[in-house]
Amino acid sequence: VNILLFSLGTLLLYYGADFLITGSQKLASKFKISPIVVGITLVALGTSLPELIVSIIAILRDQPGIVVGNVVGSNITNIGLVLGITSLFSPIFFSFDKIRYDLYFLGFITFLPLIFIYLGDLVFWQGIFFFFLLLGYCWFLYNKDKELEEQKEIQNVSSPFPISLKIILGAVGLGFGAHYFVLGAQGIATSLNLPPIVIGMSIVALGTSLPELAASIVASKHNEKAFVIGNIIGSNIMNIIAVLGFTLMIRPISVEFSDVATQGMFMLILTMGLLILLKYKGGITKLPAGILIFI
């Protein structure tokens, strides 16, 4: 029963996110927003919604280990698995200058939760701090978009009603999907006598990263490299400042640093690796992609 609930939740998460992303992209295209900004905002927010909903439900069910494990595990999965697999199919090249501030910001906030955990529990004021970082980052993106080239002309989208309906259905699918997903994951964890933080960093992290993987592969096939890079960077940023931030505003999280030290190290290695590859290599070819997957 737990495996069935988990599988049903995964399917609903996947298709819910797919509906939400495609609908959001069509709405964004009407305003001619540049692809990298769409990737970092709408696509990243859409694909990070499973992490957010799963984390909120987990904290309300008093499973803080799943929350921390989900954020750390998802960020590892997004770079190692999602970007690795996508780049293996089709190498990704993108101008570092266009995203250098986003990458530096990602590097900075990747350290923050680990420092907070090392100093003690994760508490309410840190959630507020992450929330203000989110507002500041969104303001930065708004101003940044004015400096980027305008997105090439896109054909007029028909009536906005079916697009809005698609977005609503996507959000509902994500909500129910996350609910069944957490129920199944908790049941599996109990059956296997595994700590919630381990389940969060493995099964839950992999499952909630499925939308990122789907969105990135589809974007790569359509030669939309900006969507791929923006999706990964944006999703990892949102996982920390939005997912962890909002969750901490609901309830504090008590976690031992020793429980997340190894996984945190891998998250830092992959984040710094992404920054180095884009800064000095201008992209990710098949060999680095293979190394990312191996990590």
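Author: We take a helix pair, then a cavity, then a pocket. Keep in mind that this is a predicted model.

Reader: At what angle do helix α7 and helix α8 pack?

Author: About 40°, with their axes 4 Å apart. Helix α7 covers residues 196-208 and helix α8 covers residues 210-221.

Reader: Which residues meet there?

Author: α7 brings Leu-206, Gly-207 and Thr-208. α8 brings Leu-210, Pro-211 and Glu-212. By class, this contact of α7 with α8 has 3 nonpolar, 2 polar and 1 charged residues.

Reader: Now the cavities. How many are of 30 Å³ or more?

Author: A cavity is a space where a 1.4 Å probe fits but cannot get out. The count here is 1 cavity of 30 Å³ or more. The largest cavity has a volume of about 50 Å³.

Reader: What lines the largest cavity?

Author: Val-68, Val-71, Val-72, Pro-113, Leu-114, Ile-117, Leu-122, Leu-244 and Met-267. By class, the lining has 9 nonpolar residues, no polar and no charged.

Reader: What volume does the second largest pocket have?

Author: A pocket, unlike a cavity, is an open set of points. The second largest pocket has a volume of about 220 Å³. It is lined by 13 residues, and Gly-73, Ile-76, Thr-77, Gly-80 and Ile-295 are the closest to its centre.

Reader: Which element gives the most to its lining?

Author: α3, with 5 residues. At least two residues each come from α3, α7, α10 (257-281) and α11 (286-294). The lining of the second largest pocket divides into 8 nonpolar, 5 polar and no charged residues.

How values were computed:
Residues are numbered from 1 along each chain as its sequence is written. This is a predicted model: local features need pLDDT of at least 70, side-chain atom pairs count only at pLDDT 80 or more; totals for chains, interfaces and linings use all residues. Side-chain values use heavy atoms; hydrogens and water are left out. Axes are lines fitted to C-alpha atoms, for helices over the stretch in contact, and angles run from 0 to 180 degrees between N-to-C directions. Contact means heavy atoms within 4.5 Å. Ala, Val, Leu, Ile, Met, Phe, Trp, Tyr, Cys and Pro count as nonpolar, Asp, Glu, Lys and Arg as charged, and the others, Gly among them, as polar. On a 1 Å grid over the protein atoms alone, a cavity is a set of points where a 1.4 Å probe fits but cannot get out, and a pocket is an open set with protein on both sides within 12 Å along at least five of seven lines; lining residues have an atom within 4 Å of a point. Grid points are joined across faces, edges and corners, and a volume is the space filled by probe spheres set on the points.
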